[in-house]
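Student: Could we go through this structure together? I would like to start with a helix and then turn to the sheets.

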Amino acid sequence: MIWNIRNKKDATLKTIFRLIRDNREMTRSSLSDAMKIKPSTLSRAVDQLLQAGFIKEKGQAGSTGGRRPTLYEIEKNAGYMVGIDISRTYCSIVLVNLTNEVIEETSYPMDTSQSPRQVIDRLITGIHEFLQKHDIKQDQFLGIGIGTVGPINRETGYLLYPPHFPVPGWGDFSISQQFEDAFHVPVFMENGANTAAWAEFHRGGLNREFRNIAYTHIGIGIRCGIISEGRLVQGNNQEDAFGHTVVDIDGNPCSCGNYGCLETYCSIPSVVNAIKREIKKGRDSLLAELKPNIDNLTWEDVMKGLTRRDPLCDEVIQNSALYFGTGLANLINALHPEVVILGGPLVQYSRTFFEQTRRTAEKKIYRAPGYDVTFRIASLEKRSIALGAAILVLDHYLYR
Ligand SMILES: [Zn+2]
């Protein structure tokens, strides 16, 4: 019988596969040291994986005297996963192999001309095209991961009260079901912030250095994903909750009904509105010259202002980062991550935002002896949500 990676029962096979994948290459003796199992059990399992074509020989390791031991690596094209990102303004697909390499990717804009079902149909066609182009057979296709804006119901594959989509109707049907019906493979849904965090952890190389990570994405709103002891924290399906932590009890009114929420100071709409407000007060800005009617100011205009170092844009971004650094310090004090990753347009287009956020958070963190935290800019950016969703598919086979 050829072992199939879909078999969720065999813990030894799964552990060997995981160890070889995470360490890139291993010998039988390094596997034996890591797993502490009988050599005969290990040998049988390695042979089974070789026979099934999920691992292969990679040559000989350096000799420590005697015969040089054989190295094993993952047969990376023995299986494939698809990751999908459904965000509010675009959706994208990535095709990924067993070592999390991106084989192909594509992205589609979403606007008011497409219904949710039309968007799903476009994604289904796109996946069919990928499978055909790379000649991927049904038994090599391990499943589909969907990273999307929360809140979600993972079990049913529904979006719950989907906010800010260009057209309504995204909560009316099970998104996962559509893909299950089209491809007959397992489909998993997860918050986009969680999948992005997972991609940064695995493909951004953080898993070799850290176990505890906080990932934040600052865009239309603030999204947050947490990795604790190397595992994704999935208990909370409200990835936007961090954006509604209060940083000023007498502050700006927020869409949630509260006052002084973090996202009323640090998000694309809040930055655009703050610049509009200052220009209307009479402040000078390149953007005032660019936009005769300042009510039409957009984030694209603000990006131009940031690139040209407009002093007003710079000031608003600095102020926004003071609030974000404060909110982040609260998050850090509660969770003690080893590294905080900042992603999203505000960070991408403004080094000032990142640096000011870092300085502010560092000043406000309560430092227990021996505790330290590092701040990093997200390394994968726009592809991270879909990539992390694809990586999660394999985790379902390996960890459950
Ligand atoms: Zn709020």
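**A buried helix and its surroundings**

Tutor: The buried residues of helix H6 are Gly192, Ala193, Asn194, Thr195, Ala196, Ala197, Trp198, Ala199, Glu200, Phe201 and His202. The model is a predicted one, in which local features need pLDDT of at least 70 and side-chain atom pairs count only at pLDDT 80 or more, while totals for chains, interfaces and linings use all residues. Residues are numbered from 1 along each chain as its sequence is written.

Student: What do "buried" and "helix" stand for here?

Tutor: A residue is buried if 20 or more other C-beta atoms lie within 10 Å of its own, exposed if 12 or fewer, and partly exposed in between, with C-beta atoms placed from the backbone. Helices (H or I, at least four residues) and strands (E, at least two) are DSSP runs, numbered from the N terminus.

Student: Why is H6 said to be largely enclosed?

Tutor: Eleven of the eleven residues of H6, which spans 192-202, are buried, so the rest of the structure largely encloses this helix.

Student: Which residues touch the most other members of the largest nonpolar core?

Tutor: They are Ile84, Ala197, Ile213 and Ala390, in a core of 99 residues. Helix H10 (residues 311-335) gives the most to this core, namely ten residues. A nonpolar core is a set of buried Ala, Val, Leu, Ile, Met, Phe, Trp, Tyr and Cys residues joined through C-beta atoms within 7 Å.

Student: What is Ile84 in contact with?

Tutor: If neighbours within four places in sequence are left aside, Ile84 is in contact with Cys91, Ile93, Leu123, Ile144, Ile146, Ala386 and Ala389. Two residues are in contact if their C-beta atoms, placed from the backbone, lie within 7 Å.

Student: New topic: at what angle do H4 and H5 pack?

Tutor: Helix H4 (residues 116-133) and helix H5 (residues 175-183) pack at about 35°, and their axes are 11 Å apart. Axes are lines fitted to C-alpha atoms, for helices over the stretch in contact, and angles run from 0 to 180 degrees between N-to-C directions.

Student: Which residues make that contact?

Tutor: H4 contributes Ile120, Ile124 and Ile127, and H5 contributes Ile175, Gln178, Phe179, Ala182 and Phe183. Of these contact residues, seven are nonpolar, one is polar and none is charged. Here Ala, Val, Leu, Ile, Met, Phe, Trp, Tyr, Cys and Pro count as nonpolar, Asp, Glu, Lys and Arg as charged, and the others, Gly among them, as polar.

Student: Is Lys133 buried or exposed?

Tutor: Lys133, which lies in H4, is exposed, because 11 other C-beta atoms are within 10 Å. Its C-alpha atom is 10.0 Å from that of Glu104, a residue 29 places away along the chain.

Student: Which strands make up the open sheet of five?

Tutor: The order is S6-S5-S4-S7-S10, with mixed pairing. Strand S6 (102-109) and S10 stand at the edges with a single partner strand each, so one side of each has no neighbour in the sheet. Two strands pair if DSSP finds at least two bridges between them.

Student: How many bridges join S5 and S6?

Tutor: Strand S5 (residues 90-97) and S6 pair in the antiparallel sense over seven bridges. Val96 stands opposite Val102 in S6, and Leu95 has Glu104 as its bridge partner there. In the hairpin of S5 and S6, four residues lie between the strands, and Asn100 takes a positive phi near 65°.

Student: And what about S4 and S5?

Tutor: Strand S4 (residues 80-86) also pairs with S5 in the antiparallel sense, over seven bridges. Met81 stands opposite Val96 in S5, and a hairpin of three residues joins S4 to S5. Seven of the eight residues of S5 are buried, so this strand is largely enclosed by the rest of the structure.

Student: Where is His184, and what is its phi?

Tutor: His184 is in the loop between H5 and strand S10 (187-191). Its phi is positive, about 55°, although it is not a glycine. Most residues other than glycine have a negative phi. His184 counts as exposed because it has 10 C-beta neighbours inside 10 Å.

Student: Last one: where is Arg309?

Tutor: Arg309 is in the loop between helix H9 (299-307) and H10. Its phi is near 50°, a positive value in a residue other than glycine. Arg309 is exposed, with 10 other C-beta atoms within 10 Å.
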